[in-house]
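Reader: I have a new model on my screen. Please show me how to read it, one feature at a time.

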Amino acid sequence: MTSRIPRDSRLRLVRPRPLAAAPSAVNQRRPRRPAPRPPEGTPAPAELARMARFGLADAARVARWADRALGPGRDGAGSDGKGTLSDETAGRAAGDLGLTAAQVRAAWDTARLAGLIEVHGDSARPGWRLRAWNRDDSAVLRGWVALFDAWSLASPEPTDREPAAVAEVVSAMPQVLSFLQLSAGPVPVEQLLDLLEQRVTELRTERCEIPYGPQPEPVEEPETADAPLAPLLDWALRALASVGALTYGDGQATLTALGSWAVWVKLEQICVAAQSPAGNIEVAAEEMLRGCAQLRPNAARAEYRAWLAARPVGSAVTELLGAARGDDALLRGLAFEALRVVGAPAEPDVRSVADEPTLRPYALLWLAEHDGIDPEDAHEVLTREEATWLWVDTAAAVADHGEAPMLVRHLESALQPTVPRLLDEVRAVGHPRTVQVLVALAAAHPDPALAKAVRRAAFQVHTGG
């Protein structure tokens, strides 16, 4: 007796669609909140963009020079794969632009942080913001906010301080900036130092740094908890001044118009998250991603933005990648959706995990889209094995969190033209969830013959046959 559907029936080929893009069955409509207005006296967006263009003029000049002089396959962006300009290239740029080599290096670093330049190995290319620099005020402001977010990278960290102390100050600075924004004028550094010390103490208390059990004899260690914070506050204020967020001198600091506006934007994002039903701003990345799993894509992206605004970019990216390494395939996909919201600052970390088998397909797709490849075509950067691995991983997410019809529809997104070929390649990639995925697919599929073939493949994988 033959099945109504031949066992080698062709699958309808469709472009893979990220699981996070699938509409949720739950209606996530929220009451619309009136558009927030910036504080009185904040310049109009066009004026803010003019200020940002003025402050980033050298960075834009160097970026345009790099667009002309440093293309794919040309040397110069640096031989270490980290985007450091070689001495020869810095000298060339200095001669062409009428700047010193030190000015070129500073402008180059600023252009990278603002997304005007993207470095890939030993080649550089213009970021999308550079193309829109003269005509799109919103692109300019987003570039400046990206630089503002990366202020701690704009100036070298003090080498005579423990990295843990530096990290504490970076984590505490949002509160210092909020105080400056609310003050709307010059604030004495002594007052900022008091606030910084209070916030760092709170951070240490939140970590519950209380010794427990028998303690060894104290040994001489580098300065940490009792180290004076004044030098680190001086470093932080100078770094923020270097990106144009504030002015610093004569024992006081004052936010610039751009800095005040950027802090207001960050505070507004936090307020939106705090008022939202999801309310994920204070939780860890894994819990935040689980909270966003049932949201529609736009609502989820708003949650990602608010969550990211409440913490340093570097630690947020590390936390998201940690969640992506877990056993839940759904969180893996959502973590990379959140990393898309991070954008350029996440590139070095995403590139560094591209060799991890579990994360490689996601990282390659992220990097392809970051390089400007259309998301609809980004899957072409994957090998057949990587695409199959991703298909199984997404199927695992559907099996764990979706419904049976959704898993059946996922079968149609496979690259393989026939079910037997799909099963052969799925078995070959060695995904750890292969058996569970095939069993779930067999249970969900309405065609008895196809379900039987899938169950047989699951049994063979389980027994090593």
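Predicted model: local features only at pLDDT ≥ 70, side-chain atom pairs only at ≥ 80, totals over all residues.

Reader: How many helices and strands does the protein chain have?

Author: The count is 22 helices and 5 strands.

Reader: How do I read burial, and what share of the residues is buried?

Author: Buried means under 20% relative accessible area, exposed over 50%, and partly exposed in between (1.4 Å probe, protein chains only). In the protein chain, 45% of the 465 residues count as buried.

Reader: Back to H379. Is H379 buried, partly exposed or exposed?

Author: H379 has a relative accessible area of 22%, so this residue is partly exposed.

Reader: What is the accessible surface of the protein chain?

Author: Accessible areas come from the Shrake-Rupley method with a 1.4 Å probe; for residues, only the protein chains shown count as cover. The protein chain comes to about 24400 Å², and 53% of that belongs to carbon and sulfur atoms.

Reader: What share of the contacts joins residues 24 or more positions apart?

Author: Contact means heavy atoms within 4.5 Å. Take the contacts in the protein chain with a separation of 6 or more: residues 24 or more positions apart account for 68% of them.

Reader: Now packed helices. What describes a pair?

Author: Two packed helices are described by the angle between their axes and the distance between the axes. Axes are lines fitted to C-alpha atoms, for helices over the stretch in contact, and angles run from 0 to 180 degrees between N-to-C directions. Here, helix α18 (residues 384-401) packs with helix α21 (residues 434-444) at an angle of about 60°. Their axes are 9 Å apart.

Reader: What name does that angle get, and which hand is the crossing?

Author: Angles under 35 degrees count as roughly parallel, over 145 as roughly antiparallel, 65 to 115 as roughly perpendicular and the rest as oblique. So α18 is oblique to α21. A crossing is left-handed if the near helix is turned anticlockwise from the far one by less than a right angle, and right-handed if clockwise. The crossing of α18 with α21 is left-handed.

Reader: Which residues of α18 and α21 meet?

Author: From α18 come W391, V392, A395, A396 and A399; from α21 come T434, V437, A440 and L441. By class, the contact of α18 with α21 has 8 nonpolar residues, 1 polar and no charged. The classes: Ala, Val, Leu, Ile, Met, Phe, Trp, Tyr, Cys and Pro count as nonpolar, Asp, Glu, Lys and Arg as charged, and the others, Gly among them, as polar.

Reader: How do α12 and α13 cross?

Author: Helix α12 (residues 285-292) and helix α13 (residues 297-309) cross at roughly 160°, and their axes come within 10 Å. They are therefore roughly antiparallel to each other. The contact is made by A285, M288, L289 and C292 of α12 with A300, E303, Y304 and W307 of α13. These residues of α12 and α13 divide into 7 nonpolar, no polar and 1 charged.

Reader: Return to α18. Is E386 buried or exposed?

Author: E386 lies in helix α18. This glutamate is buried, with a relative accessible area of 13%. E386 touches R360, P361, L364 and V381, not counting residues up to four places away in sequence. V398 is also found in α18. V398 is buried, with a relative accessible area of 4%.

How values were computed
Residues numbered from 1 in each chain as written. Heavy atoms only, no water. Helix = DSSP H or I, 4+ residues; strand = E, 2+ residues; numbered from the N terminus.
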